[in-house]
Amino acid sequence: AKDKVNGGLVALKKTRLEMEEEGVPSTTLREISLLQMLSESNHVVKLLCVEHLEENGKPCLYLVFEYLQTDLKKFMDRTGKGPAFPLDAQLVKSFLYQLLKGTAHMHKHGVMHRDLKPQNLLVDDSGPHPLLKVADLGLGRAFSIPIKAYTHEIVTLWYRAPEVLLGATHYAPAVDMWSVGCIFAELARKQAVFPGDSELQQLLHVFKLLGTPAEDVWPGVSGLRDWHEFPQWRAQPLDRVFPKLEPAGIDLLNRLLAYDPAARISAADAMAH
């Protein structure tokens, strides 16, 4: 939409309200106040204002966000798809750092995104250095303690953490860090690393690359709801799969794709890597 006052473009997100007797549902209000607080980061899409109006006698809420031209998926595809068309190493570092900065900001405020993927990372490439911002926090629920049991049909399969795929009922901000690892790998290789189209196939993609997990690397894994006896694969050396990454990059990728959520690197630590 166009802002009539300053002529700038904005993005609108419309939600129909299931009205309660006392007005706007508290969950919606909570989400909006979270978004407003998180908007303070330069790496989270800014919520500019909220408009409440009636359409056809039904109450509607419009969230007005800053508008960004493109997303990371489209940005990557622009220069050609696949490993034959690599992104500049400096740009990969810059995008990863910005993604970590946005993620660290959310986690510091007690919010998990739970659906980080290239389509949810918006890019402003109007200036000399492309800016990356985290968008679509619609599924991010506050993870104030205790961490509730979530339904596990949330994250897009390709970026979904193994503990979610295996039916863990309690999970932590580490689910976002797995997604960050998948996005980093995709930036480095110019194609998705784990493109599964079912939950089982998704796990098998992961196990084939990183080795089938066992209790020694991931304590408690065999007790997860959807654990079965899986085929036994050995981990492949990541430096062969990602020849474009320097040793420090391979080390960081290994820490992001750690099986044990408790051992996975945090966003703040990854920024300092």
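Trainee: In which sense do strand 5 and strand 6 pair, and over how many bridges?

Mentor: This is a predicted model, in which local features need pLDDT of at least 70 and side-chain atom pairs count only at pLDDT 80 or more, while totals for chains, interfaces and linings use all residues. Residues are numbered from 1 along each chain as its sequence is written, and side-chain values use heavy atoms, with hydrogens and water left out. Helices (H or I, at least four residues) and strands (E, at least two) are DSSP runs, numbered from the N terminus. Two strands pair if DSSP finds at least two bridges between them. Strand 5 and strand 6 pair in the antiparallel sense, over four bridges. They form a hairpin with six residues between them, and Asp124 stands opposite Leu131 in strand 6.

Trainee: Which other strand pairs with strand 5 in the antiparallel sense?

Mentor: Strand 4 (residues 70–71) does so, over two bridges. Here Thr70 stands opposite Val123 in strand 5.

Trainee: How many salt bridges does the structure hold?

Mentor: Side chains of opposite charge can pair when their charged atoms come close. A salt bridge is a side-chain nitrogen of Lys or Arg within 4 Å of a carboxyl oxygen of Asp or Glu. The structure holds 12 of them. One of these joins the side chains of Lys13 and Asp136, at 2.5 Å from N to O. Lys13 lies in strand 1 (residues 10–16) and Asp136 in the loop between strand 6 (131–134) and helix 4 (162–165), so this pair ties together parts that are 123 residues apart in sequence. Lys13 is partly exposed, at 31% relative accessible area, and Asp136 is partly exposed at 40%.

Trainee: Are Glu66 and Lys133 buried or exposed?

Mentor: Glu66 is buried, with a relative accessible area of 19%, and Lys133 is buried, with 5%. These two residues form a salt bridge whose closest N and O atoms are 3.0 Å apart. The pair links distant parts of the chain, with Glu66 in strand 3 (residues 58–66) and Lys133 in strand 6, 67 residues apart.

Definitions and conventions: Buried means under 20% relative accessible area, exposed over 50%, partly exposed in between (1.4 Å probe, protein chains only).
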